[in-house]
Amino acid sequence: YNARSMEIPKLKEEENPVSERSHFSALRKFPFLREMMVVVLFFWAIMNVLEFQYTKAIQEDVFTQHISEADASIETGEESLVATENYEHLIAQKLGTLHLIFNVAALIMQLVVASRIITFLGVTASMMLHPLIMLLNVLVMTFQFNFFTASLTRGSHELTSILFKSSYDSSYYAIPHQYRRDAKEFMQGIMKPLGAIFGTLAIFFIAHKLTGMDETLALNAILLLLSAGMAFVLARMSRSYTSLSEQNLSSKGDLPTRINAIEILGQKGHEKVSIALQTILRRPQEPSLLKEKILKTLSLIQDPEAIASILDMVKDEDEGIRLAAIQALSHYQHLKSHVMTASITRYRVLEAIKEALEKETNEQIMEQLILVFHQIDPENLTRFLMQKIRHKEELNPLFIRMLHLFNDPNLKYYLEDFLIGKNSANKAAAIVALWQFKGLRAELKHHLNTMLESRNEEILQWGVETIGQI
């Protein structure tokens, strides 16, 4: 761009050597997308047939009211012209009122409930709710077709459609980014209209062949078949969704694609993904950022069999990986029960933590290791820390400070020498460990004030840090 020129700068568009036809052809090699095509087709076919049944139920309900009003007007000798004029108005009024109610409920669902359900169930399981609830409602509507059952079915369809569409949009992130736009255009531009056409043709065919209650039952049967077929395909799609994400995790993909695949595999609804993640985690050539992301995901999956792989990462040379590994262990909600029920696993975990504490120099990582140690075996941690504080020459103040995990006043017996000693770091750590006991705070404040009034910068610094920690 030349600043002296009056020409408007233009973005240079990169030439795409791959044609649109090639992109659409490439979409067929993904089983996930093939199944998604069928799901989208069924969804919009159900939408059209249900809308027809719902409108028909309202029309029949209003028509029944209209006939009764017309009969009443004949008995009273009044003209039925007013009742006739109100017929279309009543249909529009009912449709408009219900439409407003459904949309308000859908808005609340979208803002408050939808994201929580998707997080709790996962993408494919949330999509599965739509055909399953649809099946139940259509069954009820088949046995008793009236205004109430049709409205209930239409309303539940509106609400579960919110879940389906949100999950459907989220599922696109499993598709490689170079195909994502084409896949969405294909679904919205081809499969969606095809579904609507399929549903409309089904209505025309049934209406041409049958009438009355037979027509209603036939259309309800189509809804049942479509809902059952959609549920079946979604059940298969769950496995292909996981498989596609595992393919994206392979070393052939770029780093953003692989990180995105890890995030997807960390969602609820995937089965046996821990093995694939552990395989990548053990590769020495993998980037640190990827391994940290895998460790975070393993902490979400909570697979007990992944503990061994996480322990291996506690010994890694990279500090970020070591910290991520110990944080992953600390996030295991039932770590103690997993470890205590298997004696060999318990022994290995405790030995790995002790070994790491002997070699570790990063205090943040050491603190996380001690917290996990306390979570698994507090008594063993007590013996470990007590042994450490006996060797005063090589003592790390962190071991003294972490004694605050034990709410036992007898700590003072073991820490009193540090309070009156000359080592400011140990004195500060002892104050932090004993501050939890209110009866000792007067004495601790005396020692702290002494540090804060000192002219020695190092002692003063330890005093200030102690205030921040207590």
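I began with Val113, which lies in helix 3 (residues 81–121). Helices here are DSSP runs of H or I with at least four residues, strands are runs of E with at least two, and both are numbered from the N terminus. Val113 has a relative accessible area of 31%, so I logged Val113 as partly exposed. My cut-offs: buried is under 20% relative accessible area, exposed is over 50%, and partly exposed is in between (1.4 Å probe, protein chains only).

A note on what I am reading: this is a predicted model, where local features need pLDDT of at least 70 and side-chain atom pairs count only at pLDDT 80 or more, while totals for chains, interfaces and linings use all residues. Residues are numbered from 1 along each chain as its sequence is written, and side-chain values use heavy atoms, with hydrogens and water left out.

**Entry: the whole chain**

I looked up the secondary structure and found 21 helices and 0 strands. Of the 470 residues, 44% count as buried. Next I checked contacts, meaning heavy atoms within 4.5 Å. Among those between residues at least 6 apart in sequence, 70% join residues at least 24 apart. The chain exposes about 26,500 Å², and carbon and sulfur atoms supply 57% of that area. These areas come from the Shrake-Rupley method with a 1.4 Å probe, and for residues only the protein chains shown count as cover.

**Entry: helix 8**

Why do I call helix 8 (residues 255–265) largely enclosed by the rest of the structure? Because 8 of its 11 residues are buried. I noted them as Thr257, Arg258, Ile259, Asn260, Ala261, Ile262, Ile264 and Leu265. They pack against helix 6 (177–209), helix 7 (212–248), helix 9 (274–282) and helix 10 (288–301).

**Entry: salt bridges**

I counted a salt bridge wherever a side-chain nitrogen of Lys or Arg is within 4 Å of a carboxyl oxygen of Asp or Glu. How many did that rule give? The count comes to 16 salt bridges.

- Glu215 and Lys56 meet at 3.1 Å, N to O. The pair links distant parts of the chain, with Glu215 in helix 7 and Lys56 in helix 2 (residues 31–76), 159 residues apart. Both Glu215 and Lys56 are buried.
- Arg258 bridges to Glu286, with the closest N and O atoms 3.0 Å apart. Arg258 sits in helix 8 and Glu286 in the loop between helix 9 and helix 10, 28 residues apart. Arg258 counts as buried at 5% relative accessibility, and Glu286 is buried at 7%.
- Asp377 and Arg346 meet at 2.5 Å, N to O. Asp377 is in the loop between helix 15 (363–376) and helix 16 (378–390), Arg346 is in helix 14 (residues 343–359), and 31 residues separate them. Asp377 is buried at 9% relative accessibility, whereas Arg346 is partly exposed at 26%.
- Glu51, Arg154 and Glu158 are linked in a salt-bridge network.

**Entry: pocket and cavity**

Grid points are joined across faces, edges and corners, and a volume is the space filled by probe spheres set on the points.

The largest pocket has a volume of about 400 Å³. Of its 20 lining residues, Thr119, Ile264, Gly266, Gln267 and Lys268 lie nearest the centre. Helix 3, helix 8 and helix 10 each give two or more residues to the lining, and helix 8 gives the most, with 3.

I found 1 cavity of 30 Å³ or more, and the largest cavity holds about 40 Å³ of space. Its lining is Arg401, Ala425, Ala428, Ala429, Trp462, Glu465, Thr466 and Gln469. Helix 19 (424–434) and helix 21 (457–469) each give two or more of these, with helix 21 giving the most, 4 residues.

Notes:
On a 1 Å grid over the protein atoms alone, a cavity is a set of points where a 1.4 Å probe fits but cannot get out, and a pocket is an open set with protein on both sides within 12 Å along at least five of seven lines; lining residues have an atom within 4 Å of a point.
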